[in-house]
Number of protein chains: 2
Amino acid sequence: MLIDGRPMRTIWRAGAAAVEIIDQTLLPHEVAVARLADLEAAVSAIADMQVRGAPLIGVTAAYGVALALEADPSDAGLDAACGRLAGARPTAVNLAWALARTSSAVRGLPPEQRAAAAWAEADAIAEADVAACRAIGEHGADLILERARAGRPVNVLTHCNAGWLATVDWGTALAPIYVAAERGARVHVWVDETRPRNQGSALTAFELGAQGIEHTVIVDNAGGHLMQQGEVDLVLVGADRIAGGGDVANKIGTYLKALAAHDNGVPFFVAAPSSTIDWTLAQGVGKIAIEQRGAREVTHVTGRTGAGRLEEVLIAAPGSAAVNYAFDVTPARLISAIVTERGVSAPADLATHFGRTP
Amino acid sequence: MLIDGRPMRTIWRAGAAAVEIIDQTLLPHEVAVARLADLEAAVSAIADMQVRGAPLIGVTAAYGVALALEADPSDAGLDAACGRLAGARPTAVNLAWALARTSSAVRGLPPEQRAAAAWAEADAIAEADVAACRAIGEHGADLILERARAGRPVNVLTHCNAGWLATVDWGTALAPIYVAAERGARVHVWVDETRPRNQGSALTAFELGAQGIEHTVIVDNAGGHLMQQGEVDLVLVGADRIAGGGDVANKIGTYLKALAAHDNGVPFFVAAPSSTIDWTLAQGVGKIAIEQRGAREVTHVTGRTGAGRLEEVLIAAPGSAAVNYAFDVTPARLISAIVTERGVSAPADLATHFGRTP
């Protein structure tokens, strides 16, 4: 998608044995590119959220395996790399999925062929992600276009950033918006700020603005009021992990928006690639490990001063403790449908939709 | 209550014709006192939120009338003062209530006696607020103590600041916590940050810390997850306006917490003085005017830098629009009980509880 009118992806090959990424910790204030040339750089990029979003984390991890195998293509090197990468973020199932796929693609090969095979596999995962996101966009755009009415935009509320910055390109929850806009629909997006890391006001607003999509930033507290007032036609969010029964782990606060949507008869859609589905889990509530991040993300905020410097400021009472749960789980009963690259499915029908015995 | 171990109130008389307040826009970083010596200072203190919280706004407005009458005690002066003060914040019913009470106490008097009478009336409103808050604390403490169990604290979640900083002393939603602690209960408070102005992480955390009450700051997004995990025993919030039928207007985001409490069987209590009840309104949803404040409160945050300066930083994508609804309305069906200085009432029984024909 576009930055300053120029098509970009979030991650790309840079020479024979490195990748480059957009360093998302500096957005929306600076568009900086970071080079990942070894395993540790890939681990840090994931752990420090230079890359974030379940699909992009998965792709970065796959490239991380390739980077590691350049240095140590042994079985021990492969296992160590997968362990380091898997531990970088605990909740995203795509991370484990991408590591399993990359390591099984290379494990049967002689060590000297492994790095090349891992690069090829990571490239394939990246291209598959782009294709899946585009397909999610096509399926999800129908849900938006169904709600189009003359003389006013379709009002979509989204939480966090499940846009192209969370994937390689197109995005998951935002892909339907981009495709609907491509098809001529007028869409207006209510962008939840998404404390504590503000991925909504910083990243979603940034990418919607760069793409020319109408949007308005709101605090996370405002969505219920807007739904009560009839100002939201549908909610569209991403997912970090989807249990086979349809419960969805996504950014903290998603559950509150799903409750408000349910209370006001607003459809609540989750858009994610099928690699996000964890078939080993039937239910999600209480079963999915919820990552806790540092308290400083709650008590401090980084932004740009009037003078243009990036500065971190303390916003909480000095000395007060804080906790920082990164995700919550939205029960399937609050979700209208799940959109994957394979189409649109009621959460309860997910297994059947994928041809599995529920 | 205490600041640095010293008992303070939020507003007090300072000489014959002025009041002083704690300038709450500088908390929790600085405890600064501001002097209000004329009508415009009182209007600005309310509009700019140097004082905030429905009860404290009412008391400040009453003193504002006295300040205005010192300069112009005519009928026209009285009416103009009430008009200016009423327009400073549109949602809080206590503001209109305090203005009506003060102006009716002085209107029948000759102009030369009006200022003195207004000072006396404002003093009486302030003392009545202290007594009402203490009574709310006594009634509400019972609700906390009922849930006390050996070996663990009672976990209370609160939103925004309805503590003593929102009143003259004691607070509304926090008064039961202070009284329960006085009675020996161990209470732990989950403090919602309360974007966009962060009254929770800044003010509630500050006053709980100063009083020695255990507490943890969370982002507004986290409450649903905590309730799902059984980490919240009750929710206790204040109110800016309560409709006669029990719907409650309070800080934006309150409705989302009420939905989560309802979904998880967690009792949801509202604590407010009876002056907050608007008997002219049967229902609140769609009927209570919801104040919109400036977008800059959403896109920018002020905090303290590592070097100790207060600095405002931009946190949203440059150029993105934002809207800022200050309140939402929680329907009576989601509220377990309303605590006033007169006791505890189910929202549907509010009129009967106050001896009115419902």
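Predicted model: local features only at pLDDT ≥ 70, side-chain atom pairs only at ≥ 80, totals over all residues.
A rotation of 180° with 0.0 Å of shift along its axis places chain A on chain B, with an RMSD of 0.0 Å; the superposition is by least squares on the C-alpha atoms of residues with pLDDT of at least 70 in both copies. The two copies are therefore related as by a two-fold rotation axis. Residues are numbered from 1 along each chain as its sequence is written, chains are lettered from A and ligands numbered from 1 in the order in which they are written, and side-chain values use heavy atoms, with hydrogens and water left out.

Let me turn to the interface. How many residues does each chain bring to the contact? Chain A gives 64 residues and chain B gives 64 residues, where contact means heavy atoms within 4.5 Å. Of the interface residues of chain A, 100% are also interface residues in chain B, so the copies meet through the same surface.

The size of an interface is often given as the accessible area lost when the parts come together. Here the area buried between chain A and chain B is about 4900 Å², and carbon and sulfur atoms give 59% of that. Buried area is the accessible area, taken with a 1.4 Å probe, that two parts lose on being put together, summed over both. In chain A, the residues that lose the most area to chain B are Asn221(A), His225(A) and Leu256(A), together 14% of what that side buries.

Polar pairs also cross this interface. The rule finds 30 residue pairs in polar contact between chain A and chain B, both residues at pLDDT 80 or more. A polar contact is a pair of N or O atoms within 3.5 Å; within protein, one must be able to donate a hydrogen and the other to accept it, and residues adjacent in sequence count only if both atoms are side-chain atoms. Among the elements of chain A that each supply at least two residues to the side touching chain B are α7 (199-211), β8 (214-218), α8 (223-228) and α9 (254-263). The largest share of that side, six residues, comes from α9(A). Helices (H or I, at least four residues) and strands (E, at least two) are DSSP runs, numbered from the N terminus.

I come now to the charged pairs. Side chains of opposite charge can pair when their charged atoms come close. A salt bridge is a side-chain nitrogen of Lys or Arg within 4 Å of a carboxyl oxygen of Asp or Glu. Over all chains the structure holds 52 salt bridges, and the count between chain A and chain B is six. One salt bridge joins the side chains of Arg309(A) and Glu311(B), at 3.2 Å, N to O.

Within chain A, the side chains of Glu127(A) and Arg9(A) form a salt bridge of 2.9 Å, N to O. This pair links distant parts of the chain, 118 residues apart: Glu127(A) is in helix α5 (residues 111-145), and Arg9(A) is in the loop between β2 (6-7) and β3 (11-13). Chain A also has a network of salt bridges that links Arg89(A), Arg197(A), Glu291(A), Arg293(A) and Glu297(A).

In chain B, Arg101(B) and Glu121(B) meet through their side chains in a salt bridge of 2.7 Å, N to O. Arg101(B) lies in helix α4 (residues 93-106) and Glu121(B) in helix α5 (residues 111-145), so the pair ties together parts that are 20 residues apart in sequence. Is Glu121(B) buried or exposed? At 18% relative accessibility, Glu121(B) counts as buried, whereas Arg101(B), at 28%, is partly exposed. Buried means under 20% relative accessible area, exposed over 50%, and partly exposed in between (1.4 Å probe, protein chains only).

Next, a helix in chain B. In helix α1 (residues 39-47), the residues Leu39(B), Ala42(B), Val43(B), Ala45(B) and Ile46(B) are buried. They cover an arc of only 160° around the axis, which puts them on the same side of α1(B); the arc is that of the directions from the helix axis to the C-beta atoms. Their cover includes β4 (19-22), β5 (33-36), α2 (54-71), α3 (75-86) and α4 of chain B. Just after α1(B), Met49(B) takes a positive phi of about 65°.

Asn198(B) is buried, with a relative accessible area of 5%. Leaving aside neighbours within four places in sequence, Asn198(B) is in contact with Ile315(A), Glu193(B), Leu203(B) and Val301(B).
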